[in-house]
Amino acid sequence: MLTLIHFSDIHFAPGDNGSQFDLNERIRRELLANLANLPANSSNYDAVLVTGDIAYHGRKDEYETARHFLDEVYSITGLSMKETYVVPGNHDVDRAYVQPGFPLWDSHEAIRAKADPIHWKDTIQKQLKKDPLQTLLAPFRTFNYFAQECGCQTTADKLAWSLLFPKPLELGFLLRLHGLNSALISDAADAPAKLLVSEFQTTDLGNTPSEINLVMCHHPPDWLMDKAEVRQMLRRCAPIALFGHEHSARVQRDDKLILPRDSGHLEKGGACSP
């Protein structure tokens, strides 16, 4: 059994930290106290999963504040950044790079211009391969500096990451974590159905019988232009998906998932169906 800690939308703004304006300080104290009492059955924590919005404006000092909080988590759980997995959210985007009238704003508009997977592929591929400055990824520079210690950066070669969890599950299954970047074209024009994952980020999701896929993504599908494709991918390949953004804690079971033939008794498990 694995015990995973899931955080999302921490929104660290260092100017408020520790002051009367830090409205989340009490919640963080209670969360740390709760971690000290769990998990049950004297088992150990295995990893920390963070589904985006670690910072508030994507700035270095905000990630430094977030790291101080995570160090408190690590001191209680015995974990470290090496057992931490992160994806970016819209607040992890440094919007100083993407203002109306800036080249990157126009790049985002070009991607959103057509609701067509071929157009998305051609436009993103052109911007990543032919732009020597990699402007499309500039807003993630500070996030990437934070995420590089746990191998979860967004790069031109790998917009999404895929990592095999080292601890095996029961019955010989392995857990593969996939981190999607749903904030790739995030800017002041964010709205439902205006963001994008794209097929570039789901190529590592496949039908490996010995593996169970867990997908991390900041935005739920309704926020994506390719929401139909993402939903289909999740139902076909990922029995567990973690999201953030909407600030609503809930667990939703999808009975359309297909479990492996020999693991029907698993509470949450599965592999891609053919």
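Trainee: Between which two strands is the loop in which Ala193 is found?

Mentor: This is a predicted model, in which local features need pLDDT of at least 70 and side-chain atom pairs count only at pLDDT 80 or more, while totals for chains, interfaces and linings use all residues. Residues are numbered from 1 along each chain as its sequence is written, and side-chain values use heavy atoms, without hydrogens and water. Helices (H or I, at least four residues) and strands (E, at least two) are DSSP runs, numbered from the N terminus. In these terms, the loop holding Ala193 runs between strand S5 (174-179) and strand S6 (211-216).

Trainee: Is Ala193 buried, partly exposed or exposed?

Mentor: Ala193 is not a glycine, yet has a positive phi of about 65°. Buried means under 20% relative accessible area, exposed over 50%, and partly exposed in between (1.4 Å probe, protein chains only). Ala193 has 34% relative accessibility and therefore counts as partly exposed.

Trainee: His11 also has a positive phi without being a glycine; is His11 buried or exposed?

Mentor: The phi of His11 is about 55°, and His11 lies in the loop between strand S1 (4-7) and helix H1 (25-37). Because its relative accessible area is 15%, His11 is buried.

Trainee: How are H3 and H4 oriented to each other?

Mentor: Two packed helices are described by the angle between their axes and the distance between the axes. Axes are lines fitted to C-alpha atoms, for helices over the stretch in contact, with angles from 0 to 180 degrees between N-to-C directions. Helix H3 (residues 103-112) packs against H4 at about 155°, with axes 8 Å apart. Angles under 35 degrees count as roughly parallel, 65 to 115 as roughly perpendicular, over 145 as roughly antiparallel and the rest as oblique, so H3 and H4 are roughly antiparallel.

Trainee: The backbone oxygen of which residue does the side chain of Gln127 reach?

Mentor: Gln127 belongs to helix H4 (residues 117-130) and, at 14% relative accessibility, counts as buried. Contact means heavy atoms within 4.5 Å; beyond neighbours within four places in sequence, Gln127 is in contact with Ser107, Ile111 and Leu136. At 3.4 Å, the side chain of Gln127 reaches the backbone oxygen of Ser107.

Trainee: Which residues touch the most other members of the largest nonpolar core?

Mentor: A nonpolar core is a set of buried Ala, Val, Leu, Ile, Met, Phe, Trp, Tyr and Cys residues joined through side-chain atoms within 4.5 Å. The largest core has 40 residues, and those touching the most other members are Phe7, Tyr85, Val86 and Leu177.

Methods:
Polar contact = N/O pair within 3.5 Å; in protein donor to acceptor, adjacent residues only side chain to side chain.
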